[in-house]
Amino acid sequence: MSGRTALVTGGSRGVGRAVALRLAADGAAVAVNYRRDADAAAEAVAAIEAAGGTARAYRAPVDDPDAVAALPALVRADLGPVDLLVSNAGTASRGTAVADTADEEYLRLLRVHVLGPLALVRALLPDLRAAGRADVVVVSSAIVDAAPPGGAAYTMAKAALEAAARTLAREERAHGLRVNIVAPGLVATDMGERLVAATAGGATLAELDASYPFGRVARPEDVAGVVAFLASADAGYVTGQRLLVDGGGPDSRIVAASGGGR
Ligand SMILES: NC(=O)c1ccc[n+]([C@@H]2O[C@H](COP(=O)([O-])OP(=O)(O)OC[C@H]3O[C@@H](n4cnc5c(N)ncnc54)[C@H](OP(=O)(O)O)[C@@H]3O)[C@@H](O)[C@H]2O)c1
């Protein structure tokens, strides 16, 4: 990763924070994007720097078109042109049934998970195409396979993101861009904790470990390792692929598939 510049959306907490730390440890300069928690972003940057890496924090809600349009130039000025985008920022839906979900909820989720990330890709494409080797890794969810009740807005958004990513992979192959999808089951993050609280009858994430594959709910680092692999030289002939990070079993999907919580 030495010499590369990675932009990790939602890189301040949870899965994105682990991805940012991992890519920095592997040698990339990392732009840590966040929405509103400046303290968490500063902490992630400090953790990277304490480990000898290079990082800067950038506030830009991915569902804010103006902020997204401005982001590539800001990162380029500080860290160089982005050649690796990890589109990870995301929020859960309200968990309502299709019968009770109005357009605005679908649009809210589509803006965060699909339209914002695609606007960011468009804004970054000149830099990505110029890089020779460049990567986009999108963080989707195992929920796309499960389509659980109450999760339509979130599931639709992730399914749309995956469709766009697979299309982008074919369109941009001639420019050296690899585009791949990582689809976790339940992950032990703030979002994961809220999903469990909303759907698992008052259980906590820690209480679920024993019933999960390999004796634990996935950790953010489990996802980060897969992202790092897909962006590495070892995966240079891999594009348009989707890798599930769910321990291989349906157990994690049942809970992660809730779509509940915020
Ligand atoms: N946790 C799970 O069980 C699970 C399972 C499958 C897939 N996923 C997916 O994995 C990704 C990361 O989830 P997580 O569990 O790490 O979530 P998390 O713990 O809630 O962290 C979310 C991160 O995204 C940022 N963010 C949220 N909305 C944003 C926006 N509009 N613009 C820019 N940044 C934004 C947050 O920044 P602020 O703190 O500043 O708001 C934070 O850094 C999401 O795409 C999620 O859908 C999660």
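Trainee: What makes strand S1 (residues 5-8) and strand S2 (residues 29-34) a pair, and how do they run?

Mentor: In this predicted model, 4 bridges join S1 to S2, and the two strands run parallel; since two strands pair if DSSP finds at least two bridges between them, S1 and S2 count as paired. Strands here are DSSP runs of E with at least two residues, and helices are runs of H or I with at least four, numbered from the N terminus. Residues are numbered from 1 along each chain as its sequence is written. Local features need pLDDT of at least 70, side-chain atom pairs count only at pLDDT 80 or more, totals for chains, interfaces and linings use all residues, and side-chain values use heavy atoms, leaving out hydrogens and water.

Trainee: What makes S3 (54-59) and S7 (242-245) edge strands?

Mentor: The 7 strands form an open sheet in the order S3-S2-S1-S4-S5-S6-S7, with parallel pairing, and S3 and S7 each pair on one side only.

Trainee: Why are H1 and H2 called roughly parallel to each other?

Mentor: Their axes, which are lines fitted to C-alpha atoms over the stretch in contact, with angles running from 0 to 180 degrees between N-to-C directions, come within 10 Å and cross at roughly 25°. Angles under 35 degrees count as roughly parallel, over 145 as roughly antiparallel, 65 to 115 as roughly perpendicular and the rest as oblique, and H1 and H2 are therefore roughly parallel.

Trainee: Which residues of H1 and H2 make the contact?

Mentor: With contact meaning heavy atoms within 4.5 Å, H1 contributes Arg-17, Ala-20, Leu-21 and Ala-24, while H2 contributes Glu-43, Ala-44, Ala-47 and Ile-48.
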